[in-house]
Amino acid sequence: MLQEKMQQIIDKNAFAKMMGIEILEIREGYARGRLVMNELHTNIYGGMHGGCMYAFADTIAGIASISYGNYVSTIDGKMNYLLPVKDTEYVICEAKVLRQGGKIGIYNVTLTGDRKQVFATADFTYYRMDKRLE
């Protein structure tokens with residue numbers, strides 16, 4: 001199953017595993033994941049650190065990108081921080097393909113909380129490698 005395969009990829013990534021990223025749904029060009037808030041994710045203000053938000057978004061968008069069957073590498077990413085990630089049990093990251101070409105894919109990402117509040121949006125560009133997923 002594709003979801004199990006993608007979760008195995010997350011589990012092999014020590015940083016993503018340490019963060020606690022969980023894959024909730026995946027299909028070609030789409031991925032949705034969850035990150036349960038804990039003190040390891042917070043900044044000095046008690047909200048989720050912006051770098052944690054970015055890493056979560058890049059990871060889930062990368063999973064959406066590799067759903068086409070090849071490994072990828074991030075070319076570029078831009079995040080819009082809209083609200084502080086506070087007063088939520090978890091954060092949901094949803095990544096959708098905007099365009100997947102032969103080598104370059106562009107993905108849009110939204111980070112929301114348990115009350116559907118939108119914390120951030122992002123866009124990522126990935127380079128599709130020749131190496132196929134096992």
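**Pockets and sheet**

1. Helix H3 contributes the largest share of the lining of the largest pocket, namely five residues. Helices (H or I, at least four residues) and strands (E, at least two) are DSSP runs, numbered from the N terminus. The model is a predicted one, in which local features need pLDDT of at least 70 and side-chain atom pairs count only at pLDDT 80 or more, while totals for chains, interfaces and linings use all residues. Residues are numbered from 1 along each chain as its sequence is written, and side-chain values use heavy atoms, with hydrogens and water left out.

2. The largest pocket has a volume of about 250 Å³, and helix H1 (2-12), H3 and S3 each supply at least two residues of its lining. By class, that lining has seven nonpolar, four polar and one charged residues. A pocket here is an open set of points on a 1 Å grid over the protein atoms alone where a 1.4 Å probe fits, with protein on both sides within 12 Å along at least five of seven lines, and lining residues have an atom within 4 Å of a point. A volume is the space filled by probe spheres set on the points, which are joined across faces, edges and corners.

3. The six strands form an open sheet in the order S1-S2-S4-S5-S6-S3, with antiparallel pairing, where strands pair if DSSP finds at least two bridges between them. Strand S1 (22-27) and strand S3 (70-81) are the edge strands, each pairing on one side only.

4. Tyr126 in S6 stands opposite Gly105, and Tyr126 is also among the residues that line the largest pocket.

How values were computed: Ala, Val, Leu, Ile, Met, Phe, Trp, Tyr, Cys and Pro count as nonpolar, Asp, Glu, Lys and Arg as charged, and the others, Gly among them, as polar.
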